Amino acid sequence: AKAAGGNTYRFFRQEMLERTTRRLTLEIDLRRAIANSELELHYQPKIDLNSGGLTGVEALLRWRHPLHGMQAPGEFIPLAEENSLICDIGIWVIEEACRQSAKWRSRGLDFRIAVNISARQLESGDLYQQLCSLAHLHGTTPAQLELELTESSLMENPEGVTGQLNQLRQAGVRIAVDDFGTGYSSLAYLRRLPIDILKIDRSFVSDAIADEEDAQIIKTILALGQSLKLAVVAEGVESRSQAELLQTLGCDQVQGYLYARPMPAAELEDWLLEHQE
Ligand code: C2E
Ligand code: CA
Ligand code: CA
Ligand code: CA
């Protein structure tokens, strides 16, 4: 028994050591990635369900790793969120979105870009200042941007972020609550927080056809949106039948593979040419 315990302990230490090594390697890698422009934004259209027109795009981060190929954010954002790295990445994302926004605007393509923001970045100080100066530096305006914050991160410290959100909103930035329905929002806070949009989490959309309970949750979110005068976007729409159900329920905006996957800026431009007249 003693030997087995010893082995378990050794094994455990080995695990810990490997995890720490992986984390440190990833951290060094990511810092290099920012410096070497290995990060890029892909853009996914948001669609008005009634007109079929574009209402904006969501910017989603990708990392073109020189050895491991394209990495989705799920592979590295959680680690970056454990330290200040997420703030550096977040600023890069906002600056890149501003650059792209200015480019598109100069060519008459006039739609909002939504970027995902981690709560830590909002709490860590002057996102408002940074965003405004980056927008002006690159020749666009804060009003071309939207920030998406997850429901759970917003509700962790609603008072702590309200001040910054108010400033951002006064500058014209729109605020969306991401993954809505998965956290535990208090109605009192929802009413008080300066927000414009609720994004129904993909998990409800994907089962809404088969699962009456999920359809019910979507109805409730739509009713909530209506009473708080918030726009509601459904994410992760993959099938015609999901889109039809959402339209019947009165949802006005959708996003998902049924319409388009996230794509590099140049591809989005081609997509726009094909899909809008
Ligand atoms: P999210 O904000 O909820 O983004 C939606 C995710 O669903 C994206 O995954 C998108 O590619 C994917 N998606 C879109 N339509 C569909 C669909 O019809 N079906 C399915 N199955 N998936 C769909 P992605 O790009 O891997 O991003 C994952 C998460 O990583 C995002 O979830 C967001 O929380 C985070 N993230 C992405 N970019 C950033 C960023 O720049 N900063 C921060 N802090 N987080 C980011
Ligand atoms: Ca999002
Ligand atoms: Ca989401
Ligand atoms: Ca999600």
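This is a short chat about a predicted model of a protein with a ligand.

Biologist: What does the secondary structure of the protein come to?

Modeller: There are 12 helices and nine strands. Keep in mind that the model is predicted.

Biologist: And what radius of gyration does the protein have?

Modeller: It has 21 Å. A compact globule of 277 residues would have a radius of gyration near 19 Å, so the two values agree.

Biologist: What box do the C-alpha atoms fill?

Modeller: Roughly 70 × 50 × 40 Å, taken along the principal axes.

Biologist: Switching to the ligand. Where does ligand 1 sit?

Modeller: Ligand 1 is in the largest pocket.

Biologist: Which elements give two or more residues to the shell around it?

Modeller: Those are β2 (54-65), α3 (85-106) and β6 (174-180). The largest share comes from β2, with four residues.

Biologist: Which residues come nearest to ligand 1?

Modeller: There are 21 residues around ligand 1, and R62, D178, R202, E238 and Y257 come nearest.

Biologist: How do the residues of the shell divide into nonpolar, polar and charged?

Modeller: Nine are nonpolar, five are polar and seven are charged.

Biologist: Back to R62. How many Å from an oxygen atom of ligand 1 does a polar side-chain atom of R62 lie?

Modeller: For R62 the distance to that oxygen atom is 2.8 Å.

Biologist: What about E58 and ligand 1?

Modeller: An N or O atom in the side chain of E58 is 3.3 Å from an oxygen atom of ligand 1.

Biologist: How much of the accessible area of ligand 1 does the protein cover?

Modeller: On its own, ligand 1 has 800 Å² of accessible area, and the protein covers 82% of that.

Key: Residues numbered from 1 in each chain as written. Chains lettered and ligands numbered in written order. Predicted model: local features only at pLDDT ≥ 70, side-chain atom pairs only at ≥ 80, totals over all residues. Heavy atoms only, no water. Near = heavy atom within 4 Å. Polar contact = N/O pair within 3.5 Å; in protein donor to acceptor, adjacent residues only side chain to side chain. Areas by Shrake-Rupley, 256 points an atom, 1.4 Å probe, with all protein chains shown as cover. 1 Å grid on protein atoms, 1.4 Å probe; cavity = no way out; pocket = protein on both sides within 12 Å on 5 of 7 lines; lining within 4 Å. Sits in = over half its atoms within 2 Å of the grid points. Nonpolar A, V, L, I, M, F, W, Y, C, P; charged D, E, K, R; others polar. Rg over C-alpha atoms; globule rule 2.2 N^0.38 Å.
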